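Hi there,

Here's the structure I promised to pass on.

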Amino acid sequence: MKNAKRTVAVAALTAALAVSSTPALARECSIPGGGIYICEYGITTRPLPGGRNYAEQFVIGADKAVWTRAGDPVSSGDWVSLLGAATSEVFIESENIDGKFHTRIIVLGTDNKPWSRERPSPGEPWTPWVPARRPS
């Protein structure tokens with residue numbers, strides 16, 4: 001059942017990436033606490049283990065790079081660039097693997113293909129950008 005749910009989630013993610021595209025006239029929005037992002041892609045926020053208000057956010061900056069911050073509260077964290085050149089919002093897949101909160105982010109790149117980075121658990125480094133796996 002777990003694989004079936006994951007397959008459905010990956011299929012939905014792939015479909016969402018397929019319809020994402022760069023806004024014709026990208027508006028820029030300011031983030032409270034500093035920073036500018038592409039409004040149409042929004043701010044992707046998700047809770048993290050480790051605290052009542054501990055969360056992580058992702059945005060596509062005006063430079064088209066993926067930016068992230070985490071904190072308790074999230075607004076207390078510093079923005080860090082994950083580089084790349086995205087033309088979609090940030091999609092997140094996460095699961096608890098052997099007690100570690102594994103995270104995978106996926107964006108549509110300027111080549112119109114999905115790209116991803118992974119982090120084994122909070123506080124560990126992100127992997128380099130790689131072409132995202134397609135569902136089988």
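R46 and E56 join their side chains in a salt bridge, 2.8 Å from N to O (that is, a side-chain nitrogen of Lys or Arg within 4 Å of a carboxyl oxygen of Asp or Glu). R46 sits in strand β3 and E56 in strand β4, so the bridge ties together parts 10 residues apart in sequence (strands are DSSP runs of E, at least two residues, and helices runs of H or I, at least four, numbered from the N terminus). R46 is buried at 8% relative accessible area, and E56 is buried at 2% (buried is under 20%, exposed over 50%, partly exposed in between, with a 1.4 Å probe and protein chains only). R46 and E56 also belong to a salt-bridge network with R119.

Before I go on: this is a predicted model, where local features need pLDDT of at least 70 and side-chain atom pairs pLDDT 80 or more, while totals for chains, interfaces and linings use all residues. Residues are numbered from 1 along each chain as its sequence is written, and side-chain values use heavy atoms, leaving out hydrogens and water.

The whole structure has 6 salt bridges. Another one joins R27 and E40, with the closest N and O atoms 3.8 Å apart. Here R27 is exposed at 53% and E40 partly exposed at 39%.

Cheers
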